[in-house]
Amino acid sequence: MIISFAWTSGAIRDETKIATRRFWNDEYARRFPVGSIHQAYDKSPRFGGKFIRNIRITHLFKQPLGEMTDQDLKEEGPYWKDLNEYIEMMGGPEKVPWVVKFSY
């Protein structure tokens with residue numbers, strides 16, 4: 001399976017991003033079990049995206065954005081500096097995305 005990282009593809013390339021938050025439905029999220037390997041792309045290949053590298057899922061769970069810590073934000077990569085700004089950009093503290101942590 002493919003995961004696209006349009007905004008943060010540079011952080012995938014330089015391995016400074018080890019987590020992503022996704023608003024997937026539960027059925028779709030089950031396609032990414034812990035230990036599985038997936039292809040990271042800079043955007044969807046059907047729109048001309050390019051393969052970056054493989055990633056291995058290390059954790060998969062739901063977490064309200066309001067429970068994020070500064071460490072969680074750091075794992076999202078170097079693009080995000082302010083936790084509250086990130087939470088608002090993602091829809092607010094009450095939103096509950098899937099947290100996908102991975103290794104290279």
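Here is a short walk through the sheet, ending at one arginine.

Before you click, note that this is a predicted model, where local features need pLDDT of at least 70, side-chain atom pairs count only at pLDDT 80 or more, and totals for chains, interfaces and linings use all residues. Numbering starts from 1 along each chain as its sequence is written, and side-chain values use heavy atoms, with hydrogens and water left out.

**Stop 1: the sheet.** Select the strands (DSSP E runs of at least two residues, numbered from the N terminus). You'll get an open, mixed sheet of 5 strands, ordered β1-β3-β4-β5-β2. β1 (2–4) and β2 (19–22) sit at the edges with a single partner strand each, so one side of each has no neighbour in the sheet.

**Stop 2: β3.** Pick residues 37–41: this is β3, which pairs antiparallel with β4 (residues 51–62) over 5 bridges; pairing takes at least two DSSP bridges between strands. β1 and β3 run parallel, joined by 3 bridges. Now click alanine 40: its bridge partner in β4 is arginine 53, and it also partners isoleucine 3.

**Stop 3: arginine 22.** Where's its salt bridge (Lys or Arg side-chain nitrogen within 4 Å of an Asp or Glu carboxyl oxygen)? There is none, although arginine 22 is buried (under 20% relative accessible area, 1.4 Å probe, protein chains only); glutamate 76, the nearest oppositely charged side chain, is 7.2 Å away. Instead, look for the serine 4 backbone oxygen, which the arginine 22 side chain reaches at 2.8 Å.

Conventions:
Helix = DSSP H or I, 4+ residues; strand = E, 2+ residues; numbered from the N terminus. Buried < 20%, exposed > 50% of the residue type's maximum accessible area, 1.4 Å probe, protein only. Lys, Arg positive; Asp, Glu negative; His and termini not counted. Polar contact = N/O pair within 3.5 Å; in protein donor to acceptor, adjacent residues only side chain to side chain.
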